Amino acid sequence: MDGVLAPYAVHGSTSRGRLHAEPPAATRSDFQRDRDRIVHSTAFRRLEYKTQVFVNHEGDLFRTRLTHSLEVAQIARALARSLCANEDLVEAIALAHDLGHTPFGHAGQDALNDCMRPYGGFEHNLQSLRVVDELEERYAAFNGLNLCFETREGILKHCSADHARRLGEIGERFLLRRQPSIEAQIANLADEIAYDNHDIDDGLRSGLLTLAQLDEVPVFARHAQTVRAEYPGIGERRMIHETVRRMINALAVDLIDESRRRIGEAAPASVDDVRDAPPLVAFSPPVRAEEDALKRFLRDHLYRHYQVMRMTEKARRIVRELFEAFIDEPRLLPTDHRQRVEHDGPRAIADYVAGMTDRYAMKEHRRLFAAGEI
Ligand code: MG
């Protein structure tokens, strides 16, 4: 496998290894093993019932964090192959990148962050690392999944200086202002390609966005026009899919071209060179500008749509009320979580609430607050 990798890619043979030393697997590379551990984790299965933008029960065809993570992994692997980077590693990072998400997407994370402010805050990215480092209970010999340094580095996309100082080796790059591996950079932008485009698709499907609105967004309009010209009379649903498909493809092609150019210029000969160079995986400036315009559009018309705002406000309230109920009276917590609170204090409550799926959080909220329900 290492034979086809560029010198700047992460090679299994030079990995910084795991927190707890383990003998290598007989039939898999270290990063395949990480990927498998992630897929078999409890947190991964919960992603099926966690929201991206639309709450899970609103429709069976909307993305969830699970399908989102699979889409990110697919895009990331394709990019990695073109850039001669480590596909197994990008796949592991992509599948794990959202493991720490609270129920109800960003609304849930913001509410939990507010609740945890006096106790060090809550950040979904850090929580993803906490899940794989500490919270999973699947191995006899250690807590967490004991993933390789490079997988953990990719999961921790951003981090405040305060947190970085407490995290030791894994937090170092934020203090030294270094970049992560090329694989981490790829997974990060694959995430962006995936969610911007599927939010268009889900937004249209939900009826919260209209085609007329999207035709005002230059990047969508350009691809849609080509599709309409090539296939006059094409049905609307098919036209949308074809347009979104072409947008994803165009972003991937641009990213590969621009990244190759940057790699050529910086000529990194090792992972350490990648870490010291400016970001090597990037869109070209005009495509970056179009992506940013698309993001602004989605923020103004989808994420701040009144129907989405109603949902996110309700989500915020549910998360806040759950947290407050448990912090006021830890005896309301299931036994094992109550025991954790004795050790870890409010952080254990945040872990419990963050681990909930959307529907579990709603059920738990009803159990605690609805008259006539226990
Ligand atoms: Mg994501």
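Residues are numbered from 1 along each chain as its sequence is written, and side-chain values use heavy atoms, with hydrogens and water left out. The model is predicted, so local features need pLDDT of at least 70 and side-chain atom pairs count only at pLDDT 80 or more, while totals for chains, interfaces and linings use all residues.

Overall fold. The protein has 19 helices and zero strands. Helices here are DSSP runs of H or I with at least four residues, strands are runs of E with at least two, and numbering starts at the N terminus. The radius of gyration is 21 Å, close to the 21 Å from the globule rule for 374 residues, so the protein is as compact as a globular protein of that length. That radius is taken over C-alpha atoms, and the rule is 2.2 Å times the number of residues to the power 0.38. Along the principal axes, the C-alpha atoms fill a box of roughly 60 × 50 × 35 Å.

Now burial. Buried residues are 53% of the 374. Buried means under 20% relative accessible area, exposed means over 50%, and partly exposed is in between, with a 1.4 Å probe and protein chains only. On contacts, meaning heavy atoms within 4.5 Å: of those with a separation of 6 or more, 70% join residues 24 or more positions apart.

Next, the metal. Which residues hold the magnesium ion? The protein donors are His68 and His97, each through NE2, plus Asp98 and Asp191, each through OD. They lie 2.1 to 2.8 Å from the ion. The sequence spacing reads H-x28-H-D-x92-D. Donors are N, O and S atoms within 2.8 Å of the metal, or 3.2 Å for Na, K and Ca; water is not among the atoms, so the site may look incomplete. His97 and Asp98 are both buried.

The lining of the largest cavity includes His97 and Asp191, along with Ile93, Gly154, Lys157, Ala184, Ala187 and Asn188. Its volume is about 40 Å³. One cavity of 30 Å³ or more is counted. For the method: on a 1 Å grid over the protein atoms alone, a cavity is a set of points where a 1.4 Å probe fits but cannot get out; a pocket is an open set with protein on both sides within 12 Å along at least five of seven lines; lining residues have an atom within 4 Å of a point. Points are joined across faces, edges and corners, and volume is the space filled by probe spheres set on them. Helix α10, residues 182-206, gives the most to this lining, with four residues.

Asp199 is also in α10. At 3% relative accessibility, Asp199 counts as buried.

On to the second largest pocket. It holds about 490 Å³ of space. Of its 23 lining residues, Arg46, Leu135, His337, Asp351 and Gly355 are the closest to the centre. By class, the lining has nine nonpolar, seven polar and seven charged residues. Nonpolar covers Ala, Val, Leu, Ile, Met, Phe, Trp, Tyr, Cys and Pro; charged covers Asp, Glu, Lys and Arg; the others, Gly among them, are polar.

Which helix gives the largest share of that lining? It is α18, with five residues. Eight of the ten residues of α18 are buried, so the helix is largely enclosed by the rest of the structure. Its cover includes α2, α5, α6, α16, α17 and α19.

Helix α1 is also largely enclosed, because seven of its ten residues are buried. What covers them includes α2, α4 and α7. Asp34 sits in α1, residues 30-39. Asp34 is buried, at 0% relative accessible area. Beyond neighbours within four places in sequence, Asp34 is in contact with Arg18, Ala92, Leu147, Cys148 and Thr151.

Last, backbone angles. Most residues other than glycine have a negative phi. Phe104 has a positive phi of about 65°. Phe104 is in the loop between α4 and α5, and is buried at 5% relative accessibility. Ala267 has a positive phi too, near 45°. Ala267 lies in the loop between α13 and α14. Buried or exposed? Ala267 is exposed, at 52%.
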